[in-house]
Amino acid sequence: MPFNAPTSPHQLAPTSITRVMMLVILALIPGIAAYVWFFGWGVVVNICIAVVTALSCEALILKLRQRPVLPFLSDGSAVLTAVLIALTLPPLSPWWITVIGVAFAIIIAKQLYGGLGYNPFNPAMVGYVMLLISFPREMTSWIPPNELADSSLGFIDTAMFILFSTLPDGISFDALTEATPLDSLKTHLALGNTVDEVRAQLGLDAEASRVLSVIPIFGAIGGKGWEWIGGGFLLGGLWLIYTKVISWHIPVAMLGSLLAISALFYLIDPAHFATPMFHLFSGAAMLGAFFIATDPVTAASSNRGKIIYGCGIGLFTYIIRTWGGYPDAVAFAVLLMNMCAPLIDHYFKSSVFGHKK
Amino acid sequence: MSMAPVKLWDFHGGIHPEQNKLQSTTEPSALAQLPKKLVLPLHQHIGEAAEPIVEIGDTVLKGQKIANANGYVSAPVHAPTSGKIIDISEHPIPHPSGLSALAIVIEPDGRDAWVEYTPDQDYSEKNPSHLRNIIREAGIVGLGGAGFPSFIKLNPGSQKKIKTLILNGVECEPYITCDDMLMREDAHSIIEGVHIMRHALQAEECVIAIEDNKPEAYESICKAAAGIAGLRVALVPTRYPQGSEKQLVQVITGKEVPSNGLALHIGVVCHNVATAAAIYRAIHLGQPLISRMVTITGQAVKQPRNLEVLIGTPMDELLQQCGAEFDQIERLVMGGPMMGFALHEINLPVIKTTNCIIAATREELGLDRPAMPCIRCGACADVCPVKLLPQQLYWHARAKELDKVQEYDLFDCIECGCCSYVCPSNIPLVQYYRFAKGAIWTQEQEHKKSDQARERHEFRLMRIEREKREREAKRAKKKAPRPKTDTAKPPPVDGAQMADKMRQEAMAQRDSAEAARKTEIQAALARVQAKKKDAAPKTDAPVAANSPTPAAASTQASTPTSDSDSSADTATHKDHEQSQ
């Protein structure tokens with residue numbers, strides 16, 4: 001009786017790329033829930049549009065590249081990219097923003113470089129940065145948290161607006177939008193105000209703010225709502241570390257370096273530099289640390305390398321947020337460190353067993 | 001007398017695969033039935049194949065030597081029962097290559113009559129080298145799966161003193177339970193074997209290491225080892241591949257065996273528990289290695305268990321005895337699921353290194369997952385016990401960048417399979433490394449061949465040159481007497497011609513001097529090489545052990561005409577690495 005005789009090992013762990021990607025998406029849920037709570041249904045509509053776009057683009061290119069469609073479509077990586085892009089977009093972005101961003105990420109940043117595993121840059125961040133540079137107005141038309149808005153939209157209204165740009169009677173788009181806390185802080189600091197003044201003006205309770213006709217977008221530590229979203233991503237991220245889907249190195253290094261450098265400048269000049277907690281719980285810091293910088297394909301691979309890589313992202317984020325032209329900078333920081341990943345891998349190898357250092 | 005517990009150290013990486021050990025330990029071990037015929041391959045160990053000393057038609061007794069060790073790294077083969085030699089020819093053997101090799105076939109007569117043997121219980125009076133000789137003659141090889149002749153590893157040689165003898169009862173691979181059973185049921189033989197080994201090695205202390213998934217074995221060994229000075233039992237936390245020699249040495253001593261080195265170099269020697277029991281039988285009872293414990297398991301086996309099996313018993317008879325459903329068997333593996341190899345046929349004989357036979361079903365393997373691209377997750381590097389970068393090795397092996405894979409220390413890879421096991425993309429990483437190793441060995445042989453070809457070519461040019469010169473010299477000699485006679489008359493040549501000739505002569509002289517020097521150097525080199533070849537298997541075991549296969553070694557030594565099978569090289573190298 002002849003047998004098929006492949007080589008060892010004959011036993012494999014019950015793991016797969018699909019499983020890894022699905023766990024990551026699962027870990028995003030607390031953050032997404034907070035997002036919906038504070039900023040309405042826009043993000044859910046965006047996620048739906050993004051996922052459909054991502055799967056269509058992925059399938060199309062796989063077909064053109066004559067690669068098996070089903071295994072790659074079901075690996076979950078395109079879905080994850082889509083969800084991450086959707087999470088970075090303003091909740092009321094028109095549909096074509098999402099479609100262009102996701103299509104660019106999947107087709108250009110991922111598939112044209114060879115598909116899963118071969119892209120040097122994080123596709124979601126490439127898509128986001130392309131949108132930010134090409135459509136600055138749409139990408140900065142954020143909305144205030146629900147509790148502060150004059151009027152908020154239900155799911156149907158949100159979907160109608162995103163798809164057809166139609167609003168219910170009596171609501172104008174301008175009335176809906178508001179700059180993000182990071183954006184406002186940057187603008188006001190540039191105007192010569194101190195952090196405390198900005199916070200005093202924009203961190204009032206609802207009653208006082210109505211009198212002054214400003215919206216109090218600053219919360220206890222970060223932006224209102226944003227601190228909860230950040231907390232949600234932190235929770236999901238810690239769970240990913242606990243289940244060993246990601247290692248602690250990159251998130252700890254990134255948040256640690258961001259904390260360290262923002263603390264340093266805050267201690268030097270608290271009037272003109274935001275608090276470290278503000279930096280950690282605003283913008284995409286938490287999302288970036290646990291879900292974007294940890295993308296294994298584009299990150300450094302050794303543990304020491306991961307620490308360097310994470311520190312780099314934290315530092316670049318602070319530098320660009322503080323002195324650069326953009327209010328948030330996680331995407332740029334990630335892309336900059338993506339470029340460095342191969343170099344880091346080259347110089348930070350572990351010492352092999354039995355080889356004296 | 002209580003002794004300090006063994007301080008345990010950590011090793012990098014490792015995995016916790018599903019154990020699957022309970023199935024085969026529910027029942028005590030049993031004797032395997034006497035088969036209709038026994039097939040005894042002459043090559044069941046690392047080193048040269050044994051040489052038969054019987055002929056077809058001879059009758060032999062149980063324990064009678066039927067093949068002699070051939071060279072230093074080799075082991076003799078004995079008849080596992082009394083009977084008649086009915087065949088000496090090529091038979092399929094359990095080997096990853098699936099190739100056949102010379103084997104002696106015995107038809108048992110059913111009497112099971114022993115040859116006369118001499119028990120020797122006063123070994124402690126004996127010279128260690130005398131003990132090693134008995135162990136060698138008993139055909140004992142590492143029973144943990146590696147099959148390296150044991151007497152060599154009981155020779156401290158000119159090395160500094162052996163500090164620690166580690167007895168490996170770790171059995172870290174899933175499914176395998178033969179050492180577990182042996183420790184439970186025959187701790188006495190193991191401990192007696194340890195005494196002999198310690199005497200032979202003059203080792204200061206001995207540590208018996210057992211993983212904590214074998215509490216019964218631990219109890220049993222502790223009981224047998226109680227009160228013996230310098231002998232400690234260590235219960236180590238279960239983790240694969242702890243039973244690999246270098247990892248175990250690190251866990252017990254905290255020291256890393258140097259790359260390309262042996263445990264011996266840091267004063268440690270490792271032996272398997274079953275080897276210790278076999279050594280006890282060889283010295284105390286005078287019985288050679290003719291049987292061993294084998295785990296028969298896998299989902300296709302109805303009554304998985306351990307059997308005491310005569311070497312040479314066909315595996316299908318063992319599976320039959322354990323109620324195997326033959327049509328359910330998807331893959332037959334010898335050894336564990338992590339490092340064992342799949343067999344091509346079902347009726348192959350059990351050899352000295354057969355510790356486990358897994359008859360796996362299709363559901364059990366669940367291997368139909370397609371390989372996806374690497375996502376650089378680094379899970380492989382996290383579990384690599386050698387701290388390699390499996391991912392980088394994979395990229396370079398795939399690109400056939402053979403120099404790069406060596407830069408990433410490919411040859412430190414022990415092929416434990418942890419990286420393949422955890423890979424979410426299901427990339428058969430170990431297969432890539434085996435391929436790269438094979439390719440490098442082939443390349444090295446090609447280099448050797450071309451070096452030899454170049455030398456031959458240079459030598460030929462030199463010979464032509466020399467012959468030409470000799471002819472010219474002869475011609476010159478023939479001509480020479482004439483001008484000698486009329487010395488008064490200078491040769492009718494002008495100055496330019498004269499100078500030309502002188503220059504030519506000077507050059508020829510220099511060339512011949514150089515050629516002579518070259519031939520001398522080459523002759524010296526050849527002598528050195530010849531010496532090395534002779535010396536290698538005799539004086540320095542590690543050298544021989546590291547050479548890919550005996551076949552490959554002899555290919556290197558002789559003219560480079562035959563091409564050695566690279567897959568076979570890889571396999572044997574793996575066997576060696578697997579040493580427990």
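Guide: A salt bridge is a side-chain nitrogen of Lys or Arg within 4 Å of a carboxyl oxygen of Asp or Glu. In this model, which is predicted, Lys163(B), Glu205(B) and Arg232(B) are linked in a network of such bridges.

Visitor: How many salt bridges are there over all chains?

Guide: A search of the whole structure finds 26 of them over all chains.

Visitor: What makes Lys110(A) and Glu58(A) a salt bridge?

Guide: The closest N and O atoms of Lys110(A) and Glu58(A) are 3.0 Å apart, and the cut-off is 4 Å, so the pair qualifies as a salt bridge. Lys110(A) belongs to helix 6 (residues 95-110) of chain A and Glu58(A) to helix 3 (residues 42-64) of chain A, so the bridge ties together parts that are 52 residues apart in sequence. Both Lys110(A) and Glu58(A) are buried.

Visitor: Why is Asp180(B) called buried, and what is Arg184(B) called?

Guide: Asp180(B) has a relative accessible area of 3%, and buried means under 20%, so Asp180(B) is buried. Arg184(B) has a relative accessible area of 25%, which lies between the limits of 20% and 50%, so Arg184(B) is called partly exposed.

Visitor: How do you know that Arg184(B) and Asp180(B) form a salt bridge, and where do they lie?

Guide: Their closest N and O atoms are 3.1 Å apart, which is within 4 Å, and therefore the pair counts as a salt bridge. Both residues lie in helix 2 (residues 178-185) of chain B, four residues apart, about one turn of the helix.

Visitor: Why does the pair of Asp186(B) and Arg281(B) count as a salt bridge?

Guide: The closest N and O atoms of Asp186(B) and Arg281(B) are 3.9 Å apart, and the rule asks for a distance within 4 Å, so the pair is counted. Asp186(B) lies in the loop between helix 2 and helix 3 (187-201) of chain B, while Arg281(B) lies in helix 6 (residues 273-285) of chain B, so the bridge ties together parts that are 95 residues apart in sequence.

Visitor: What makes Arg376(B) and Asp345(A) a salt bridge, and how many are counted between chain B and chain A?

Guide: The side chains of Arg376(B) and Asp345(A) meet at 2.6 Å, N to O, which is within 4 Å, so they form a salt bridge. The count between chain B and chain A is one salt bridge. Across this interface there are also 21 residue pairs in polar contact, with both residues at pLDDT 80 or more. On the side of chain B that touches chain A, several elements each supply at least two residues, among them helix 5 (245-253) and helix 13 (429-479) of chain B. The largest share of that side, four residues, comes from helix 10 of chain B, and by class the side has 34 nonpolar, 14 polar and 14 charged residues.

Visitor: How many residues of chain B are in contact with chain A, and what area is buried between them?

Guide: In this model 62 residues of chain B are in contact with 39 residues of chain A. The area buried between chain B and chain A is about 4300 Å², of which carbon and sulfur atoms give 57%.

How values were computed: Residues are numbered from 1 along each chain as its sequence is written. Chains are lettered from A and ligands numbered from 1 in the order in which they are written. This is a predicted model: local features need pLDDT of at least 70, side-chain atom pairs count only at pLDDT 80 or more; totals for chains, interfaces and linings use all residues. Side-chain values use heavy atoms; hydrogens and water are left out. Buried means under 20% relative accessible area, exposed over 50%, partly exposed in between (1.4 Å probe, protein chains only). Contact means heavy atoms within 4.5 Å. Buried area is the accessible area (1.4 Å probe) that two parts lose on being put together, summed over both. A polar contact is a pair of N or O atoms within 3.5 Å; within protein, one must be able to donate a hydrogen and the other to accept it, and residues adjacent in sequence count only if both atoms are side-chain atoms. Ala, Val, Leu, Ile, Met, Phe, Trp, Tyr, Cys and Pro count as nonpolar, Asp, Glu, Lys and Arg as charged, and the others, Gly among them, as polar.
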